[in-house]
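Morning, everyone. I'll take a few minutes on how the inside of this chain is packed. Have a look at the structure first.

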Amino acid sequence: MKDVQEVRELARHIRIETLKMLTGLGFGHYGGSMSVVETLAVLYGDVMRIDPTKPDWQERDYFVLSKGHAGPALYATLALKGYFPVSELQTLNQNGTRLPSHPDRLRTTGVDATTGSLGQGVSIAAGMALSHKLAGRSNRVFCILGDGELNEGQCWEAFQFIAHHNLHNLTLFIDYNKQQLDGTLDEVIKPFDLAGKFSAFGFDVQTIKGDDVEAISEAVTPVRHAEQRPLVVILDSIKGQGVKYLEQLANSHHLRLTPDVKLEIENAIAELEAAHV
């Protein structure tokens, strides 16, 4: 890893800016945005080949946020990396904004795929990876899916397609934070043995703590070769990760702020701003 402290610092700032924009709006997807912060910090701060001054650079690595409701965390990442001004984050979901609630590649600089309808982003990522492989290009593709999103059958069709075509240039992350909109995974549809299922579907599988930036980087930094199976990283994460108040809520998937909740979030922002990594 290039600089673990630098990546942790990027994660802290992503978390702060995401909380600020959601709290300024007064509602939004807090829990699932927080649980992907460290993964975004590793990808954009350490692993991916990108050039924010040339967002359409043909040799760049591609990122697809299949769980599009975590768009605010992606926006914070892109702004902090210089794709657009950080001040623009406060326009989230406002009239005329370039930052809709879910990512739109035609509106936001740095977004590679329009997502939000769950199950579809991974299919887009598979198509990207196949096109690069067929053309003999070295571009890598990374995709984050939600664990509740795996209820969509389209995901499993895409996984089978990815393994069949041996898309070793595509890495999947499963944000296993164990909650979805309507409750816990076990209440809605049990995931059973995720690692076992992915292995049976033809993937190499690693399970990593969702906030362990060193382990995430170590898993995905090596460029995979044709003799290797596609990689899926199961992120053992927590809904609201990195914010104690959110972590302790029964369900933080989507919050509409009351004065008391807003105060709790503002206190969390203040703590993060004062923290030293």
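This is a predicted model: local features need pLDDT of at least 70, side-chain atom pairs count only at pLDDT 80 or more; totals for chains, interfaces and linings use all residues.

Start with the largest nonpolar core. It has 55 residues. Leu19, Tyr44, Phe63 and Phe173 touch the most other members. Which elements give two or more residues to this core? They are H1, H3, strand S2 (62-65), helix H4 (71-80), S3, H9, S8 and helix H11 (259-274). H1 gives the largest share, nine residues.

Beyond its neighbours within four places in sequence, Leu19 contacts Tyr30, Met34, Val243, Leu246, Ile265, Ile269 and Leu272.

Now Arg15, which sits in helix H1. Is Arg15 buried or exposed? Buried: its relative accessible area is 5%, and the cut-off for buried is under 20%. Again leaving aside neighbours within four places, Arg15 touches Met34, Val37, Glu38, Gln241, Gly242, Val243 and Leu272. Met34, Val243 and Leu272 were also on the list for Leu19.

Last stop, helix H9, residues 213-220. Val213, Ile216, Ser217, Ala219 and Val220 are buried there. Looking down the axis, the buried residues of H9 fall within an arc of 160 degrees, so they line one face of the helix. What covers them? The cover includes helices H1 (4-25) and H3 (37-47). It also includes strands S3 (141-146), S4 (170-176), S7 (204-209) and S8 (231-236).

That's my tour. Over to you.

Methods
Residues are numbered from 1 along each chain as its sequence is written. Side-chain values use heavy atoms; hydrogens and water are left out. Buried means under 20% relative accessible area, exposed over 50%, partly exposed in between (1.4 Å probe, protein chains only). Helices (H or I, at least four residues) and strands (E, at least two) are DSSP runs, numbered from the N terminus. The arc is that of the directions from the helix axis to the C-beta atoms. Contact means heavy atoms within 4.5 Å. A nonpolar core is a set of buried Ala, Val, Leu, Ile, Met, Phe, Trp, Tyr and Cys residues joined through side-chain atoms within 4.5 Å.
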